[in-house]
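I opened the notebook to look up a few spots in this structure. My entries follow the model below.

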Amino acid sequence: MTLYKIGGATVEKGDHNFETLLAAAYGARQRPKCLCRPGGVDMYVARIDERYVIKRMPYSADDHDPVCTSYEPPPELSGLGEVLESAIIEVPDLDATTLKLQFALTKSGGRAAPKPDDGDVDSVKTDARKLSLRALLHFLWEQAGFHKWSPAMHGKRHWAVLRKYLLQAARHKQVKGYDLSDLLYIPEPFTLERKQAIAHRRTAQLAQVAQTGGHQGQRRLLVLIAEVKDFAPSRNGHKLVVRHSADFPFMLGPGMNERLLKRFDQELSLWGSIDGTHLVTIATFGVNQAGVATIEEMALMATTENWLPFENRAEKSLLDMLTADGRRFLIGLRYNLPQNRPLAVAVLADTKPPTAMFVPPIGSGDDYAAALAELIDGSKMTAWVWHPESGDMPHIARPA
C-alpha cells in the first residue's frame, strides 16, 4: 500500500482515519504528500459526492514511483501530451477539469449530420486544442483506469465495473457549461428481471433531450458510450444495436453506415476476425419527440477481452502475452494523434526503469522511423521495439 503524509500523520489509504484526515486537509487547503518517493510528491484533496478523495497534481504522474497507483508514463509517449493544458485544463483547488471539444453537443434543425469522427484528418484540419470524439473516449478510459493492467485485475472487469468508473471519471469534467456525467448515456447492465425498470430509467434520461424546437431550432445531444452488438439493416437504412440495450436501437443517418465501414475498416476487421474482441463506440445522438434516437457523429475502439485498447494484430499479440505472463503495464492511447505518429503501445511498470514498448505498424516508412527515434532519444525510459515483419519478438526484460 502507498503511504501518504497528511498534516503530521503518515497513513495508508485504508486506515480508519484516512477520510477524516483528508477532510481536515481539504478544509485547510493543505497539500498531502505521496511517500512513494523520498521527500514525497505533492497531491491534492477533492470533494466528490460528499466524500473526500486524494488525487495527484496535474502533470505530475511520472514523478511517482512506477509501483505507485498514481504513476503514469510521461504524456509525450501517447497522444495525451498534445492535448494537456490546451484541450484538458485541470484546476485542482476548484475540483474541476474543463474539456474543450471538437464536436457539437447541439444540432440545428436543417443541418446535415457530420461524418463519423475522424482522428486521422490532416494537420491543417486537426485542432490539437480540442478533443475529438475518439480523444474524449481515450481520456475517460484513462481517467477510469482501464488503460492499466495488473494480475489482480483478472476476471474483475465487466460492463457494470466499466460503467461505474466511466461515470465517476466524467464527474466534475466541465464541457460547454455542463457536467460531462450529465451528458453521458452508458447502458445499465441488462438483466431480464430488471428489464422494465431499466427501460423506464433510460426513457426518463433520454426524454431530457427529446426534440422540442428550442432556441433557434437547436436541440441538445447526449454522448453514448457502449459496446457494439451489431450494425443492422433497418426499414429506412441502418441502425446501431448496443449490448445491454438491444431493445433500443440507434438509427444511422443516410450514408453513415458506408462512411463507418470506410473510416473504421481497421477496427471493424479486428472485431470481426479476433474472438473475444470488444468493439466500443462513443457517439453523439439526439432524440426526437417520438423517442427515436439518431446518431450524429461516431468513433470506434477495439479492445481485448480485458478491455485494453489495441490497434492491430501485433499489438493484440503483445498485450495478450504480457497479460498471460502476469506483467504490470499501462497502455498508450492515441487521442488526436494521427496513425503516422508513433506512440508507446505499452509501458511496463514492473521494470526499473519502466520499459516503453513500441510496435511500428507494418509498412511504416522513413518518416515514422525518424519520429520514433526522436521519441526514444527524448525519453528516460528503456525502449523496446518490435518490428513484426522482421521475425521473432525481441526479448522482454523480466520484472525487477
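Which residue stands opposite G237 in strand 15? I looked it up, and S234 does.

**Ground rules.** This is a predicted model, where local features need pLDDT of at least 70, side-chain atom pairs count only at pLDDT 80 or more, and totals for chains, interfaces and linings use all residues. Residues are numbered from 1 along each chain as its sequence is written, and side-chain values use heavy atoms, with hydrogens and water left out.

Entry 1: I took helices (H or I, at least four residues) and strands (E, at least two) as DSSP runs, numbered from the N terminus. I counted two strands as paired if DSSP finds at least two bridges between them. Strand 14 covers residues 222–234 and strand 15 covers residues 237–242. They run antiparallel, joined by six bridges. A hairpin through two residues links strand 14 to strand 15. Next I checked strand 16, residues 250–252. Three bridges join it to strand 15, again antiparallel. I found that H238 has L252 in strand 16 as its bridge partner.

**Entry 2: N257.** I then moved to helix 7, residues 256–263, where N257 lies. Is N257 buried or exposed? Buried means under 20% relative accessible area, exposed over 50%, and partly exposed in between (1.4 Å probe, protein chains only). N257 has a relative accessible area of 10%, so I logged it as buried. Contact here means heavy atoms within 4.5 Å. Setting aside neighbours within four places in sequence, N257 is in contact with F231, H238 and L252. H238 and L252 are the bridge partners from Entry 1.

**Entry 3: helix 3.** How many residues of helix 3 are buried? Ten of the eleven are, across residues 133–143. Among them are R134, H138 and E142, along with L133, F139 and W141. After the helix comes G145, and its phi is positive, near 85°. I picked L140, which sits in helix 3. L140 has a relative accessible area of 0%, so it counts as buried. What does L140 touch beyond its neighbours within four places in sequence? I listed contacts with L166, A169, A170, L180, L184 and I225. L140 and L166 are 26 residues apart along the chain, yet their C-alpha atoms are separated by 6.2 Å.

**Entry 4: salt bridges.** Side chains of opposite charge can pair when their charged atoms come close. I used this cut-off: a side-chain nitrogen of Lys or Arg within 4 Å of a carboxyl oxygen of Asp or Glu. How many salt bridges does a search of the whole structure find? It finds 15. I looked up three of these pairs.

- D42 bridges to K33, with the closest N and O atoms 2.8 Å apart. D42 is partly exposed at 35%, and K33 is partly exposed at 30% relative accessibility.
- E72 bridges to R56, with the closest N and O atoms 3.8 Å apart. E72 lies in the loop between strand 5 (51–56) and helix 2 (80–83) and R56 in strand 5, so the pair ties together parts 16 residues apart in sequence. E72 is buried at 9%, whereas R56 is partly exposed at 27%.
- E188 bridges to R194, with the closest N and O atoms 3.5 Å apart. E188 is buried at 16%, whereas R194 is partly exposed at 33%.
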